[in-house]
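User: Hey, I've just opened this one and I'm new to it. Can you walk me through it?

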Amino acid sequence: MFGTYEKFNLVRAEYARAGSTQYISEDYNRPGVLRLGGNRGGDPVIATDFLFDIQLTQNGAPVSYTYFADESSICLDSKDGYVEIAFTDRAHLRIRGDGAGLRLVLRSAVGGGARACRGLYALSEGCGWEAEFGKYGKLFFRPLNGAFLPTYVYDDAAGAYSAVVFDFLPDAETGVFEAAIHEYMKEPFPFGEYEDFDDLVDETKDEFEEFTLKYPNPAAGYEEMYRYAMWTVWSRKSIVTEGLVEPMILFQVAYLPVAASWQQSYNAMAMLEDPIEAWRLICTMFEYQDPVTGRLPGMMSYAGGTLGMQPPFQGFALEFIISKIGDSFLTPEECERMYPKFAKWANYWTTYRNAGRGDDVIEIHSPNESGWDDAANFKDGFPANDPNPITFVILMMDSCARLARGCGKPDEAKAWQKRAEKLTKILIDEFWDGEKFVTKVKGKSVDSFGIESYQPIILGKRLPQEIIDKVAEKLTAEGEILTEIGLASDSMKSELVTFGISFVGGRVVGPQNMILTVGLQSAGKQKEADMIARRFCDHVKREGIILGYAPYDYYPLTGEKAEEQIPPAITDGWPWSSWTANCFLTMCGSVIGK
Amino acid sequence: MDIKPCMRRFGFGHRASKHIVVEQGGKLWLAFASEGAGTFMMSEDSQAAGLFELSTLYDGKDLPYTYSATESMVEITTEKGHVRIAIDAEAAALRIEAEGVNLRFDSKEATRQLTTLNTAKGVSVNIGGGRYFFVSRKGKMAFDDTWLLKEFHSAVAILDVSPENGKIDLIAYDLPGDMEPPEIIKTIDECAKINAAELKAFNETLLPTPAEWDDLREKIAYLMWLSHKEQPSGTEVILQNKLRSNATTASAQSLVSLAFAEATTASEFIVALPPEGLPAQGFAILRMFARDAFQKVSRSTVFKLYDVLNMQALWWLENRTGDDPNLHFYAYRHEAESPAAKLFKSGEPVAAPDLNAYIILLCEAAARLSEHIRITADAVKWRNRLNLQKESLIANLWDGEDFHGMNIYTGEKSEADTPLQYMPLILGKMLPVGIAGKLAEKIENDILDYDLGVFIVFGLYDAGYDKVAKRIVTAALKQVRAKGIHCPLYGAQLIAMANSVLM
């Protein structure tokens, strides 16, 4: 899957495993050097003190190595030996080596040296060493075969360790070693007998294969990348902690290890072969719903904490899943359980984001509430009456109607239906200008060309045919929003377009391509949906599972070269993300014709 | 009371409010207590003291000002007019009234990466999960909430307020995201009066101290009162500096508890946080017994304290004992108060004199509590353990002159290290007279410069070295009077020591 000689390496992808907080990435600044990190502390890989250089050693000296990683383990190879590392979902990783040792050197990403370490000592039973890393937790090093040698230097003046190095050394006679490294916050995960390393590898392979069964078969020609995408989602599955009470899919492992509210529903949309799991993911964020206002948090992490708010995407996701596989998973009990929560969330928007007109039209106070952080339709500021969150609210209302029916509340279902229909009518009457849907600020339409102007296509056949036709026409006009690699977030004819560090300022991003192609499909425009999805997914096959791509290396409007470089940063243009993975999976699994 | 000396480091605030007014470079800033939460986009480090720098203007020009600050009001004086600021804790608001001047609240770079909104109801500045929300009852607000599309945040927040008929009446709320601002019921003067009375009442909950130190006591009381923070569980803790950090530890709260006269109040601090880290709870509980303060403590509170001691004792027994179950060690440097101490030269894990002394006191406190709640069998067990631990401490860590640390595995001793070598003095009369005497004669006044100094002083006093203890405490109080208080937790300890040792 990933490796020194493979199409994709770990510079931008992050090697991880479902149910583990540890990851391995390749140092962008020092090619060939892998680094081991952990994401419980919440710091991104570019700013954390809790990061180890991984060195392969022979006779105590580091040697250069190549690597290859698949879903079950990562192997580091040198001329005369190798080391293999396998993550588990039981708070530890396993290591084995033959003809080589492994050295972990604690090296902060931000010049902090070894300051993350707050102490280490050998356990009295002689079973290993425990090291403490403050907010990052603890590591317990357990040699199973061969030797373990920590080296550490404390700088009294600095009040911190200046060097912390852990060596796993092969047995002098056999040349092999095996070890485990456990990670935990306070109390150690009990260790005992360890399964055979090969058995562990096989179990992990089986687990991943089991996971792939949640997805429908992809369209022909996308099989290999589909597997990468499934792996990306699987490997970002979180553990359960005080902060995350249910397993969720993290956005990224090393850069931004957060569980974003609406992304759980994105993930659900792709898992059509396991509607129970899909429904569970849609419902996860409701565990944190504000009991008074009904608001869902924007993001959750291992540290807990919640920031901002994201759109009410759950209705859209639920409608999509039901349109594909029916609603048998919505038992009366589930409807009873979730209807009040869905209702509270829908009413949150129409209450706390009400535009004050006496109806259900909402206004948003920041672009995060639309999901599109730097979309051009927000250039006139806030509060903004934006058709996209309004559309999501309509779909939430329809979902509320469905759930109300499902738990035997027909009158309430009818009331929700009526509200949804009324809001749809307002959306069409007031926010469609004949060419596109418009955002309004202080009653005035915002003059913008962004893709968000067409997102209400997700209402499908609720929209009049002439609107559907116009949207399809606009989205397929070459050289505007449609590029060779899919739909750009802003028209190439806009002066505001940038391919630099941005989210939806002009780059071609996975979520928008998924949403629009699903919308076109639901509106009966399969040919258009297929064409767009293929362009995007073909590009993912070439470039990997990045959130956003520059469609050109020049700006079509001016002919100017697009010089911006995307650095290794918490930015959408750099690391692999589960968000584009789930969008790719939906497009290949459900949009592109088979 | 003049709190101006505190304005740079701690600011003007209220026990129950996140609002803090702080000084930087002669100007006042509106700030919020530290929440310790991050933002979505990585913010650049800000050197700003707070969220908004407060300026007074006249005719469009900056007008210099001076200010005075008491526990209940900040008053700004200019040549054209004045400003008054008080905290309305009930409304979670800062009350700002001005006459004769315009006001400007300039975030400079402090609120980069945030969104703002100028609405008909007021000006909203989103801070993490909450809002700084300005409402004008008198005066016209001008605010630019332009969204900087390519920068992912609003324009730098600058609020200008011009007077209406010469006057400004402004409210700055601290609001959760979706909450409507509460009604304002009290006048600014009423708020100031209430706050002054609250602080006075709080002062009266602290242990009595000699009248000659009343000025210092007032300042300490203010800092302790200001530095309260309510935890999500509903319990309160007192922070080292509410403006800078919301982090604290269970052992720090045990130290804070020492200052309270009422044992129930003291107990609330001891149990406020999960019992982790240095086991200082036993020491704090024994201080309450020394004052015979347990008579009015409810059984449920006593059980909570007992549980805490049990949990601590069990943890150290299960996780930090070697072959000798009566000798405990620090596994890591940062488990100790002094990670750079010479104690660690013999290599971890280290059996340390301070740690073992804490645990002996923990056993004694547990024995006393079990007697108090009539679990006599437990009391016997605790005393047995205590005695064994005392023997082990002296046998392993005392060399006839000093206490040392010792590597649990190799037996190698570390150098004697101030102040840790004196820490067994906290055992008071439990420490053999010969040992206590040897230690007492070496202690200098500056022992209180160390965070652990207070323990040692109490120990000296309990062991009968009251003259030494008085000398040290008096010197410490004089120094604080001259140089100011660096931390409310230290202030709490000074009050406790002044009460025990000087009265």
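This is a predicted model: local features need pLDDT of at least 70, side-chain atom pairs count only at pLDDT 80 or more; totals for chains, interfaces and linings use all residues.

User: Okay, which domains does chain A have?

Analyst: The domain assignment gives domain 1 (2-206) and domain 2 (213-591). Their centres, taken over C-alpha atoms, are 37 Å apart.

User: How many residues of domain 1 of chain A are in contact with domain 2 of chain A?

Analyst: 20 residues of domain 1 of chain A, and they meet 23 residues of domain 2 of chain A. On the domain 1 side there are nine nonpolar, six polar and five charged residues.

User: Switching to helices: at what angle do α11 and α12 of chain A pack?

Analyst: Helix α11 (residues 526-543) and helix α12 (residues 578-591) of chain A pack at about 135°, with axes 10 Å apart. That angle makes α11(A) oblique to α12(A), and their crossing is left-handed.

User: Which residues meet there?

Analyst: Among them are A:Phe536 and A:Val540 in α11(A), and A:Phe584 and A:Met587 in α12(A). By class, the contact has nine nonpolar, one polar and one charged residues.

User: Now chain B. What's the strand order in the open sheet?

Analyst: The eight strands go β6-β7-β8-β9-β18-β13-β12-β11, with antiparallel pairing. β6 (66-69) and β11 (116-118) of chain B each have a single partner strand, so one side of each lacks a neighbour in the sheet.

User: How many bridges join β11(B) to β12 of chain B?

Analyst: Three. B:Asn118, for one, has B:Val123 in β12(B) as its bridge partner.

User: And what does helix α1 of chain B lie across?

Analyst: Helix α1 (residues 188-203) lies across β8 (82-88) and β9 (93-99) of chain B, at about 55° to β8(B).

How values were computed. Residues are numbered from 1 along each chain as its sequence is written. Chains are lettered from A and ligands numbered from 1 in the order in which they are written. Domain bounds come from an automatic or database domain assignment. Two residues are in contact if their C-beta atoms, placed from the backbone, lie within 7 Å. Ala, Val, Leu, Ile, Met, Phe, Trp, Tyr, Cys and Pro count as nonpolar, Asp, Glu, Lys and Arg as charged, and the others, Gly among them, as polar. Axes are lines fitted to C-alpha atoms, for helices over the stretch in contact, and angles run from 0 to 180 degrees between N-to-C directions. Helices (H or I, at least four residues) and strands (E, at least two) are DSSP runs, numbered from the N terminus. Angles under 35 degrees count as roughly parallel, over 145 as roughly antiparallel, 65 to 115 as roughly perpendicular and the rest as oblique. A crossing is left-handed if the near helix is turned anticlockwise from the far one by less than a right angle, and right-handed if clockwise. Two strands pair if DSSP finds at least two bridges between them.
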